[in-house]
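Please work through each task before reading its solution.

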Amino acid sequence: MRAIEITHPGPADVLKLCERPMPVVKAGEVLIKVHAAGVNRPDVFQRTGNYAPPPGASDIPGLEVAGEIVDGDLDYTTLDVGDHVCALVQGGGYAEYVVAPIQQVLPVPKGWSMLEAATIPENYFTVWSNVFDRAQLSAGETLLVQGGSSGIGVTAIQLASAIGHRVFATAGADDKVAACVVLGAERGINYKTEDFAAVVKSLTNDRGVDVILDMVAGDYLPREVSCLADDGRIAIIATLGGAKGTLDMGQVLRRRLTVTGSTLRPRSAEFKGAIAKKLKEKVWPMMAERKLKPVIHTVFPLEQAAAAHALMESSSHVGKIMLQVI
């Protein structure tokens, strides 16, 4: 099969088209003929040598796909050979075929194309796990999304606003701020020209927000704490601003704040399967009604994966960067 491999750690052009053996399907897995795959920041980190695949995972990058089931362990599922599905995988997505644990495989939402469905898994699993499970965003609460124009950001904005939450989002350019508002944010904040903490406090009558989805960390932490409501929660999913930050533990204690973090890739299939069940129950109906929509910035053919990574690193995109395999 055709696949994209990382020839050695380095810049985008180390990604090369190659021929690889077909993946072997094991018990509890299905083999998917890939139509489209999503490009995500963890793929870039893996390419640069800063995010090794978990033990046993493919060294081929790619964490989310949509395609057609062609084989696998289907005895105890409602899925069958020929079904159109999307899946979260630990690696191997930049290829014509990939294996996925059956728990992490979901039917393509009604009315969605394969390309659109491939935008779903990595972002929706991540947002649901961190915003709704870990940070427990609840009825009547507010959410601040850092990096609102990213794939994760556009997902968090749409999902939280569709459920009925007030959402604020940061971005680094006025056109990206405007895109966040179109997607459902009550207020977009240009972090280069505005103090997001001051804006959030003004929008909440100095109360602050209940939950912050943070992919920056670093020196954002003190400002995030300053604009959290009492009993507020920060869910950290990446450290684009640095792995170390200053935390005022006095405020954490006095105001009962929670700072939590997680990475999804190394978690078990059972853990991810539990998220998949919640998504199918609570989110798939909204997708079928187009209350949630894919936001696709650019689509590259598989062989142009290097160009896709270069675009990702430029941070000039809004939404998803995708690879078309078929």
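**Exercise 1.** Determine how many residue pairs are in polar contact across the interface of domain 1 and domain 2, and how many salt bridges the rule finds there.

*Solution.* The model is predicted, and side-chain atom pairs count only at pLDDT 80 or more. Step 1: the rule finds 3 residue pairs in polar contact across the interface of domain 1 and domain 2, both residues at pLDDT 80 or more. Step 2: the search for salt bridges across this interface returns 0. Step 3: on the side of domain 1 that touches domain 2, the residues comprise 6 nonpolar, 4 polar and 3 charged.

**Exercise 2.** Locate the two domains in the chain and describe the area buried between them.

*Solution.* Step 1: the assignment places domain 1 at 2-121 + 265-324 and domain 2 at 135-261. Step 2: the contact draws 13 residues from domain 1 and 12 residues from domain 2. Step 3: the centres of the two domains, taken over C-alpha atoms, are 27 Å apart. Step 4: about 920 Å² is buried between domain 1 and domain 2, with 71% of this area given by carbon and sulfur atoms. Step 5: of the area that domain 1 buries against domain 2, Leu292, Val295 and Val318 supply 39%, more than any other three residues.

**Exercise 3.** State how many cavities of 30 Å³ or more the structure holds, and which residues line the largest cavity.

*Solution.* Step 1: there are 3 cavities of 30 Å³ or more. Step 2: the volume of the largest cavity is about 60 Å³. Step 3: the lining of the largest cavity consists of Thr119, Asn123, Tyr124, Gly151, Val154, Thr155, Gln158, Lys293, Pro294, Val295 and Lys320.

Methods: Residues are numbered from 1 along each chain as its sequence is written. This is a predicted model: local features need pLDDT of at least 70, side-chain atom pairs count only at pLDDT 80 or more; totals for chains, interfaces and linings use all residues. Side-chain values use heavy atoms; hydrogens and water are left out. Domain bounds come from an automatic or database domain assignment. Contact means heavy atoms within 4.5 Å. Buried area is the accessible area (1.4 Å probe) that two parts lose on being put together, summed over both. A salt bridge is a side-chain nitrogen of Lys or Arg within 4 Å of a carboxyl oxygen of Asp or Glu. A polar contact is a pair of N or O atoms within 3.5 Å; within protein, one must be able to donate a hydrogen and the other to accept it, and residues adjacent in sequence count only if both atoms are side-chain atoms. Ala, Val, Leu, Ile, Met, Phe, Trp, Tyr, Cys and Pro count as nonpolar, Asp, Glu, Lys and Arg as charged, and the others, Gly among them, as polar. On a 1 Å grid over the protein atoms alone, a cavity is a set of points where a 1.4 Å probe fits but cannot get out, and a pocket is an open set with protein on both sides within 12 Å along at least five of seven lines; lining residues have an atom within 4 Å of a point. Grid points are joined across faces, edges and corners, and a volume is the space filled by probe spheres set on the points.
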